[in-house]
Amino acid sequence: MEDYILQVKDLKKYFPIGGNMFSKPSGYVKAVDGVTFNLARGTTMGLVGESGCGKTTTGRTILRLSGEKTGGEVLFNGKEVYDYTPKEMRSMRTKMQIIFQDPFSSLSPRLPVSEIIGEAVKEHNLVPKEQFDDYLDEVMDNCGLQPFQKDRYPHEFSGGQRQRICIARALALKPEFIVCDEPVSALDVSIQAQIINLLMDLQEKYGFTYLFISHDLSVVEHISDQIGVMYLGNLVEYGKTADVFEHPLHPYTEALFSAIPVPDPTVRMKRIVLEGSIPSPANPPAGCKFHTRCRRCMEKCKTEAPVQKEIEPGHYVVCHLFDD
């Protein structure tokens, strides 16, 4: 059996709609509605899907940043994250980190870089006081920042440099697992490549495990060892990156991949255009949630929710097309 750092089983996170402190809510937004996957230590899992499908909420729920989960299990190093006491969770925070999508809004404008990166290091007493400055220089150097920039403030940096500060802040705590929440989507393409290569170099050097959330399928293909495709709160397909890209099984995955641009003007794109819009997560359709937009929809798709099946070793899909 592989050494799994993270095991997620049937994870659910619902947000109440309407009501007040005295009355029951009128309904729930099913942001994450039964997500299951395992993540091996030292690898990267890419999580892709349209906006609003629940990718970010999945990452935040795993890290216990969105209040209590609605259901399911999140096992980190074999132990349920939601069973930790506040004191245990405090020490766990150093082992689980997040890199946010927008570097500017996630950095305090009132703190210099040395405080931003070093604040949590001091709080958790990770290094002795006399080694603190040298440790800060090492972390900044690893992330492509210069020690003389320690006294500068976030507004004095470019977008790519600000994202490096965010990465340095996460790296400084010596984490085992990092959620990368669309860390390059706000950056220019040339800077995206630098940040992706930096993340891969750091993983090779320190053995980090990443959950990499992104819209950009070409970026995900480049950085990920395995990939999960989300639709309306569900993980509809999940497996090794090469298997999923070479042999997509779910109709939604096929449609997503058909939109990847090819750098050759002579090649005609065989684009699969999905009809209709994404249903509301507060009122999802019965049966398979994708059936309202699926070109291969069958009668049973409208009433029966499909279950996750392993079609080939390590390649899972949630679709009635693969029922026996």
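Predicted model: local features only at pLDDT ≥ 70, side-chain atom pairs only at ≥ 80, totals over all residues.
How many aromatic pairs does this structure hold? The count comes to 9 aromatic pairs. The largest nonpolar core has 54 residues, and another core, of 29 residues, lies apart from it.

**Aromatic pairs**

- Tyr231 and Phe290 form an edge-to-face pair, because their ring centres are 5.1 Å apart and their planes stand at 80°.
- Tyr231 belongs to strand S9 (residues 226–231), while Phe290 sits in the loop between helix H9 (251–258) and strand S11 (308–312), so the pair ties together parts that are 59 residues apart in sequence.
- Tyr231 counts as buried because its relative accessibility is 2%, under the 20% cut-off.
- Phe290 also has 2% relative accessibility and therefore counts as buried.
- One aromatic cluster is formed by Phe37, Tyr238 and Tyr316.

**The largest nonpolar core**

- In soluble globular proteins, nonpolar side chains tend to be buried together.
- Within the core of 54 residues, those with the most contacts are Ile99, Ile117, Ile165, Ile167, Leu199, Leu202 and Phe212.
- Helix H5 (residues 159–171) supplies the largest share of this core, with 6 residues.
- When neighbours within four places in sequence are left aside, Ile167 is in contact with Ile99, Cys143, Ile195, Leu198, Leu199 and Leu202.

**The other core**

- The core of 29 residues includes Leu39, Tyr82, Leu211 and Tyr238.
- Tyr238 is also a member of the aromatic cluster with Phe37 and Tyr316.

Key. Residues numbered from 1 in each chain as written. Heavy atoms only, no water. Core = buried A, V, L, I, M, F, W, Y, C linked by side-chain atoms within 4.5 Å. Buried < 20%, exposed > 50% of the residue type's maximum accessible area, 1.4 Å probe, protein only. Helix = DSSP H or I, 4+ residues; strand = E, 2+ residues; numbered from the N terminus. Contact = heavy atoms within 4.5 Å. Phe/Tyr/Trp six-rings, centres within 6.5 Å; stacked < 30°, edge-to-face > 60°.
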